[in-house]
Amino acid sequence: MLITKQTTMGEMLEYDMGIAYVLMESGMHCVGCPSSIGESLEEACMVHGLNADEVLASIQQYLANKKEEAK
């Protein structure tokens, strides 16, 4: 799955629940909030005052590390 700033929180978490940890480490502590599920990553970052590019980079790094470990 290609995750972008337009990917919804629900789509990301459905793809890999480990992303929740990355989001929480970034300062987004309401990952399980029902209203956040339909928000894009960019929208959620804006609400929390986070840099969407930095959070996206952290998610992509997490996924890359997980893929590398699976080899």
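In which hand does α3 pass α4? In this predicted model, the crossing of α3 past α4 is right-handed. Helix α3 spans residues 41–48. The axes of α3 and α4 come within 9 Å and cross at roughly 125°. That angle makes α3 oblique to α4. On the α3 side, the contact involves Leu41, Glu42 and Cys45. These residues meet Ala52, Val55, Leu56 and Ile59 of α4. By class, the residues of this contact comprise six nonpolar, no polar and one charged.

Helix α4 (residues 52–69) also packs with helix α2 (residues 19–26), their axes coming within 10 Å. Here the axes cross at roughly 145°. The passage of α2 by α4 is a right-handed crossing. From α2, Ile19, Val22, Leu23 and Ser26 make the contact. From α4, the residues are Val55, Ser58, Ile59, Tyr62 and Leu63. Seven of the contact residues are nonpolar, two are polar and none is charged.

The Thr7 side chain reaches the backbone nitrogen of Thr4 at 2.8 Å. Beyond neighbours within four places in sequence, Thr7 is in contact with Met1, Leu2, Met12, Glu39, Ser40 and Leu41.

How values were computed. Residues are numbered from 1 along each chain as its sequence is written. This is a predicted model: local features need pLDDT of at least 70, side-chain atom pairs count only at pLDDT 80 or more; totals for chains, interfaces and linings use all residues. Side-chain values use heavy atoms; hydrogens and water are left out. Axes are lines fitted to C-alpha atoms, for helices over the stretch in contact, and angles run from 0 to 180 degrees between N-to-C directions. Helices (H or I, at least four residues) and strands (E, at least two) are DSSP runs, numbered from the N terminus. A crossing is left-handed if the near helix is turned anticlockwise from the far one by less than a right angle, and right-handed if clockwise. Contact means heavy atoms within 4.5 Å. Ala, Val, Leu, Ile, Met, Phe, Trp, Tyr, Cys and Pro count as nonpolar, Asp, Glu, Lys and Arg as charged, and the others, Gly among them, as polar. Angles under 35 degrees count as roughly parallel, over 145 as roughly antiparallel, 65 to 115 as roughly perpendicular and the rest as oblique. A polar contact is a pair of N or O atoms within 3.5 Å; within protein, one must be able to donate a hydrogen and the other to accept it, and residues adjacent in sequence count only if both atoms are side-chain atoms.
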